Amino acid sequence: MASFAALPLAALLVLAVSWAWERLLVRLVWRPYAVARRHRAQGIHGPPYRFLRGSNEEVRRMKAETAHVVLHVRDHDYLHRVAPHFLKWRAQYGEPFLFWFGAKPRICVFDYELVRQILSSKSGHFPKNDAHPNVLELLGKGLVLVNGVDWVRHRRVIDPAFAMDKIKAMTKTMVSCAQSTFGVFEEQASKNTNKEIQVEFDKSVQELTADIISHTAFGSSYKLGMEAFYAQKELQAIAISSLLNVQIPGFSYLPTKRNRRKWMLEKKLRSTLMRIINSRLASQGSGYGNDLLGLMLEGCTETEQGGKQEQLSLSMEEILHECKTFFFAGYETTSLLLTWTVFLLSVYPEWQERLRAEVLREVGKGDPSGDNLGKLKEMTMVLHETLRLYGPALFMQRKTTTDMVVGAITIPKEHAIVIGAPFMHRDKKVWGEDADQFNPMRFANGVARAAKVPHALLAFSIGPRACIGQNFAMLEAKSVMATVLQKFSFALSPSYVHAPADFLTLQPKFGLPVVMKLLDV
């Protein structure tokens with residue numbers, strides 16, 4: 001009888017040994033060794049793999065060593081601040097090179113032709129890479145991160161919300177929100193004898209763009225929009241602080257101080273977004289509306305087909321994830337585009353004057369509209385040059401679902417691919433000898449003719465997974481900038497410190513304090 005009782009224990013022991021062999025020896029020791037050897041055979045090298053940690057500690061150390069570096073305001077080569085590890089490894093090992101995120105292999109590429117093949121592929125073999133769990137909680141598994149047939153389904157539902165005629169119709173709301181924000185600054189500046197006021201511009205436009213996406217995409221109040229905004233900003237800080245930590249199985253379920261705070265924020269964000277959704281459901285009349293939230297709710301309905309219920313598009317849980325995705329993307333990326341645009345126009349006042357003259361010529365002193373904003377050619381050039389030098393999204397990632405041949409190299413299955421866009425945007429062979437300089441005139445003949453390859457600007461990505469909201473972001477940026485230029489001139493505060501930093505997105509580490517001067521109109 002005792003021998004029979006011991007059988008379950010023996011079986012558990014076998015399973016434990018099998019798990020340990022697979023997890024510890026194969027995945028954490030043998031596979032990294034085999035992967036590195038395979039890549040060396042095709043001439044791809046990189047930093048050595050460190051057990052469990054991969055290259056993470058080296059990345060953390062090099063970033064800490066350059067964290068104190070401050071740049072001149074006309075120095076736009078901040079790569080040694082945000083990615084010193086990539087600079088070192090590319091110089092040491094050439095390109096592409098192999099590095100390790102924990103025990104997961106990553107190939108970093110900088111070649112435009114390789115990137116074109118990867119991003120333009122319609123095979124489905126280069127989907128988005130798996131996000132870090134904390135980033136996933138921040139962004140949600142929405143259109144940005146879903147893959148395969150799920151991405152096709154989500155895209156089909158969401159695409160009509162970003163039709164150009166609908167985006168133009170949102171201009172009035174965008175301008176109204178901007179006038180509300182800058183109207184406060186106008187009132188404050190008018191009370192000062194010098195007509196000036198110093199503002200933390202980056203913080204102001206973050207709240208402004210959160211307000212705009214709340215109204216245009218979700219039809220929600222400022223109060224609910226701000227609740228979601230502050231919850232996501234704190235979740236973003238948690239994600240940044242934990243990104244390079246070794247991921248220990250089960251650790252995310254332990255009630256640590258950070259985890260408890262994260263759980264509370266996730267619950268608050270979910271609750272806020274559900275209040276926005278339920279408010280729309282409760283107010284349904286002839287439909288849910290034709291904005292982003294309304295189209296997703298319409299896609300959540302079911303219909304009788306062939307005698308059985310068939311879900312047309314998105315579940316309520318998927319809608320919740322899309323709300324996370326578009327709320328964060330809607331305020332974060334555009335607010336940073338506006339922040340860096342105002343920075344550059346402060347550093348290059350001659351371009352600020354050119355854009356103000358263009359706004360007054362094409363828009364006048366009245367409210368900007370979708371039609372007259374479309375005539376702002378020089379502003380479009382400046383926005384594109386800002387995206388080239390200070391694009392919010394630093395590095396794009398894909399992964400391979402099977403062994404893939406790209407150019408002269410083979411990228412094995414289950415490899416992440418990191419695309420170094422800010423490096424590529426400074427490639428003098430593609431952009432010219434002035435690639436490190438601010439020169440909007442390079443876009444005078446459009447994006448496709450700005451460099452030696454038509455797909456050189458990667459700020460919105462390219463191919464089937466290019467950013468669905470790029471037209472929305474550009475029109476929103478024009479709406480806000482036109483409103484500002486009509487009323488104010490601006491310059492950097494003497495307290496500004498130029499230190500671009502990687503906080504998942506490219507941000508001014510110490511903010512953007514700006515002195516705004518009310519114009520005589």
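**Sheet and salt bridges**

Start with helix α4, residues 84-93, which lies across β1, β2 (104-109), β6 and β9 and runs at about 140° to β1. Contact here means heavy atoms within 4.5 Å. Axes are lines fitted to C-alpha atoms, for helices over the stretch in contact, with angles from 0 to 180 degrees between N-to-C directions. Helices (H or I, at least four residues) and strands (E, at least two) are DSSP runs, numbered from the N terminus.

This is a predicted model: local features need pLDDT of at least 70, side-chain atom pairs count only at pLDDT 80 or more, and totals for chains, interfaces and linings use all residues. Residues are numbered from 1 along each chain as its sequence is written, and side-chain values use heavy atoms, leaving out hydrogens and water.

The four strands form an open sheet in the order β1-β2-β9-β6, with mixed pairing; two strands pair if DSSP finds at least two bridges between them. β1 (97-101) and β6 (395-399) are at the edges with a single partner strand each, so one side of each has no neighbour in the sheet. β6 and β9 (residues 416-420) run antiparallel, joined by five bridges.

Now the salt bridges: a side-chain nitrogen of Lys or Arg within 4 Å of a carboxyl oxygen of Asp or Glu. The whole structure has 30. Arginine 442 pairs with glutamate 385, closest N and O atoms 3.1 Å apart. Arginine 442 is buried at 9% relative accessible area, and glutamate 385 is buried at 0%; buried means under 20% (1.4 Å probe, protein chains only). Glu385, Arg388, Asp434 and Arg442 form a salt-bridge network.

Notes. Buried means under 20% relative accessible area, exposed over 50%, partly exposed in between (1.4 Å probe, protein chains only).
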